[in-house]
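Subject: Two-chain model, handover and notes

Dear colleague,

Here is the structure I said I would pass on. My notes on it follow below the entry.

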Amino acid sequence: MSVTSTAVSLNEDQRDCYQELTNVAMGQAADRLARLLDVYVVLPIPKVNLIESSDLHMAIQDAETDSAMSAVCQGFIGSGIAGEALLLFNDTSFSDLAALMNYGGELDRYGELELLMDVSSLLIGACIQGIGEQLEIHFNQGHPVVLGQHCKVDDILKSGNHQWTKTLAIEIHYTIEHVNIDCDLLLLFTEDSVAKLNNKINYLLD
Amino acid sequence: MTDSNIEFGDIHWLMDILQNIDVGLVVLDRQYNIQLWNGFMESHSGLSPQKAKGENLFELFNEIPKDWFMKKAEPVYQLKTRTFTIWEQRPYLFRFKNYRPITGRASVMYQNTSIIPLESINRSVDHICVIIYDVTDIAVSREDVQSAHQTLNELNRTDQLTELSSRGYWLKDIEREFLRCQRSVLPSTLVMFDLDDFRTINGRYGHQAGDEVLRSVSEGIRQTLRQTDHVCRFGGEVFAALLVDTDEEEAVVFAERIRKMIERMEVRHDQQSIHATASLGIARYQKGFASAQDWLQAADKALYHAKESGRNKTTVYQPKAH
C-alpha cells in the first residue's frame with residue numbers, strides 16, 4: 001500500500017471498519033443518552049464516505065438559508081488526527097428538544113441557543129469519545145460554534161481554508177422515538193488525518 | 001491511555017504550572033464542593049484556596065444559577081463526556097472584573113468554560129474540572145463588528161444631506177409594495193417630484209444655497225408625512241414618495257400640500273431670500289404593470305407632463321392616454 005500518496009482513498013475493508021467503529025461508539029452513546037434522558041435513540045447504520053468540499057458547502061449553506069435548520073460545529077484533535085464535528089438539525093422542533101432536555105425556560109433566541117449547545121455537547125461528545133476510546137486516541141475538543149446564529153456561514157465559506165477537495169466523512173442520522181427530533185452528525189476529518197486514521201484502522205484489521 | 005510514571009519531584013513543578021497557568025481551574029466533587037482552586041481563580045476572585053476548599057460552589061458564588069450549571073455538569077458525571085458553555089449563552093460563570101481594568105471596555109470578564117470528567121482509580125467519575133477561559137477580547141470585538149454593521153446599514157438607508165431614505169432603500173420598499181399590491185385590493189400610489197429650475201438656483205446662489213434649499217424642502221416634507229408614507233431623495237433634486245393604502249384623490253391632496261408648502265417656503269442663505277417651486281407626478285398602482293419599474297416610469301411620465309405643461313403643478317398618470 002502506498003503511504004506517500006496524499007490523495008485520500010478508502011478500500012472496502014477500511015470502510016467497513018469505520019462503520020463498525022462508529023456503530024460501537026454510537027451504541028455506547030445511545031446507551032448513555034438513554035440513561036440520562038430516558039429516551040430510546042433509534043440507531044441507524046452510519047454512512048462512511050469520501051465527500052467533496054462542494055457537498056459540504058451545500059450542506060452548510062442550507063443551514064444558513066433555511067431558517068428551520070440550525071447547525072453546530074466543534075473542532076477536535078488528538079494524536080495528529082484533526083477534524084470537525086458538524087451537527088445539523090433538520091426538521092427539529094425546539095419545543096420537543098426542550099421537553100427532551102427538561103428545559104423549562106422561555107424558547108426565545110437564547111433558549112434555543114442553550115438547547116443547541118446542550119444537545120450538541122451530548123451528541124458530539126459521546127460519539128467522539130466512543131471513537132477515540134476504540135482507537136486509543138485522546139481527542140481534545142474546542143468550544144462549539146453555532147452556525148447562522150452567531151456567525152455568518154458566508155464568512156466561514158469565504159475564509160479560503162477549504163483547500164481540500166475530498167475527505168473522509170462519517171455521517172450519522174439520529175432520530176429519537178416519538179418526538180420530532182431529526183438531526184445529522186457529520187464527522188469530518190482533515191485530508192492529512194485520513195492516512196493516519198487508515199494506519200490506525202489497519203492495525204485493527206490485521 | 002496516558003502514562004502516569006511521573007516522579008514525585010515532577011509533581012511539584014506540575015503543581016506550579018497549575019498554579020500559574022492563565023486559565024481558571026476548579027475541581028468539584030459530586031456535591032459541588034470545591035476541591036481545587038488554582039492561582040487564576042484565587043487572583044480574580046480574591047478568595048484563597050484555603051478559604052475556597054470544601055465550600056459549596058453555589059453558596060460561595062450566587063451569580064451561578066444552580067439549575068443551569070447542573071444541566072451542564074450532570075452529563076459529565078453520568079456520561080463521562082465533556083460539556084461546554086460559551087459567552088453567547090451567558091457572558092460569564094464567575095463574575096470577575098475585566099483583566100484589563102483600565103483600558104478594557106467591558107467591565108466584566110467574558111468566559112467560555114469546559115467541564116471535563118475526572119476519573120478516579122476505580123474509573124467512576126466523582127469529580128469534575130471546570131476550566132475557565134477569558135474570552136473578553138473576542139466578545140468585545142464581536143460586539144464591535146455587530147454595531148459597525150448596524151451603523152453601516154443605517155448609513156446605507158439614509159441620504160446624508162436630506163436625512164430622508166436613500167434611493168436604494170426606498171426602491172427595495174416599493175419592490176415589496178409592488179408584490180403586495182398584486183395580491184391586495186387596497187390602492188397604493190407613487191408620487192415623484194422635482195424642484196423646478198434647480199440648476200438656476202445653484203447657478204445664481206451657489207451650490208451651498210442649493211443644498212440649503214434641499215434640506216429645507218426635506219424638512220418641510222417630513223412634517224407633511226403621515227406615519228405610513230415613505231419618502232426618499234431619489235437623486236439630485238428629485239424626490240419620490242410611496243403612499244400606502246392611498247388612492248389618486250388622496251394622493252393629489254398630499255401632492256398639492258407639498259407643492260404649496262414649497263411654493264410658500266422662503267430659504268434664507270447669506271442674507272438672500274430664495275424661493276422654489278416643484279412639479280409633481282402621481283401614479284396609482286395598476287394591474288397592468290409588469291414590474292415596480294413600470295410603476296415608477298408611470299409616475300415619471302406624469303412628472304414629465306407636469307413639467308411640460310408649465311411647472312409648479314401636479315399631474316396624474318392616465319393609463320389610457322398611453
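In chain A, strand S3 (residues 70–78) is joined to strand S6 (residues 145–147) by three bridges, and the two run antiparallel. Within that pairing, A:Ala71 stands opposite A:Leu147. S3(A) is also joined to strand S5 (residues 140–141) of chain A, by two bridges and again in the antiparallel sense; here A:Ile77 has A:Asn140 as its bridge partner. Please keep in mind throughout that this is a predicted model.

S3(A) has a further partner in strand S4 (residues 81–89) of chain A, with nine antiparallel bridges between them. One of the bridged pairs is A:Gln74 with A:Ala85. S3(A) and S4(A) make a hairpin with two residues between them, and A:Ser79 in the turn has a positive phi of about 50°.

For chain A as a whole, there are six helices and eight strands, in the sequence pattern α-β-β-α-β-β-α-α-β-β-α-β-β-α. Of its 206 residues, 35% are buried. Among contacts in chain A with a separation of 6 or more, 72% are between residues 24 or more positions apart.

Chain B has eleven helices and twelve strands. Its 322 residues are 31% buried, and residues 24 or more positions apart account for 58% of its contacts with a separation of 6 or more.

Two sheets in chain B are described here. One is an open sheet of five strands in the order S2-S1-S5-S4-S3, with antiparallel pairing. Its edge strands are S2 (34–37) and S3 of chain B, each of which pairs on one side only. From one strand to the next the twist averages 20°. Strand S1 (residues 24–29) of chain B pairs with S2(B) over three antiparallel bridges, and B:Leu28 stands opposite B:Ile34 there.

The other is also an open sheet of five strands, in the order S7-S8-S6-S11-S12 of chain B, but with mixed pairing. Strand S7 (230–235) and S12 of chain B each have a single partner strand, so one side of each has no neighbour in the sheet. In this sheet, too, the twist averages 20° from one strand to the next. Helix H7 (residues 167–183) of chain B packs on the sheet and touches S7 and S8 of chain B; the direction of H7(B) makes about 125° with that of S7(B).

S11(B) in turn runs parallel to strand S12 (residues 314–316) of chain B, with three bridges joining them, and B:Ile282 is partnered by B:Val316.

How many residues of strand S11 (residues 278–284) of chain B are buried? Seven of its seven residues are. In a regular strand the side chains alternate between the two faces of the sheet. In S11(B) both faces are covered: B:Ala278, B:Leu280, B:Ile282 and B:Arg284 are buried on one side, and B:Ser279, B:Gly281 and B:Ala283 on the other.

Helix H6 (residues 136–157) of chain B is hardly covered, with two buried residues among its 22. From first C-alpha to last, H6(B) reaches 32 Å, close to the 32 Å expected at 1.5 Å a residue.

Finally, the interface. Contacts between the chains involve 13 residues of chain B and 16 residues of chain A. On the chain B side, helix H5 (66–79) and strand S3 (83–85) each supply at least two residues. The largest share, four residues, comes from H5(B). By type, the chain B residues that touch chain A divide into four nonpolar, six polar and three charged.

Regards

Conventions
Residues numbered from 1 in each chain as written. Chains lettered and ligands numbered in written order. Predicted model: local features only at pLDDT ≥ 70, side-chain atom pairs only at ≥ 80, totals over all residues. Buried ≥ 20, exposed ≤ 12 C-beta atoms within 10 Å, placed from the backbone. Pairing = 2+ DSSP bridges. Contact = placed C-beta atoms within 7 Å. Nonpolar A, V, L, I, M, F, W, Y, C, P; charged D, E, K, R; others polar. Axes fitted to C-alpha atoms, helices over the stretch in contact; angles between N-to-C directions. Expected span 1.5 Å × (residues − 1).
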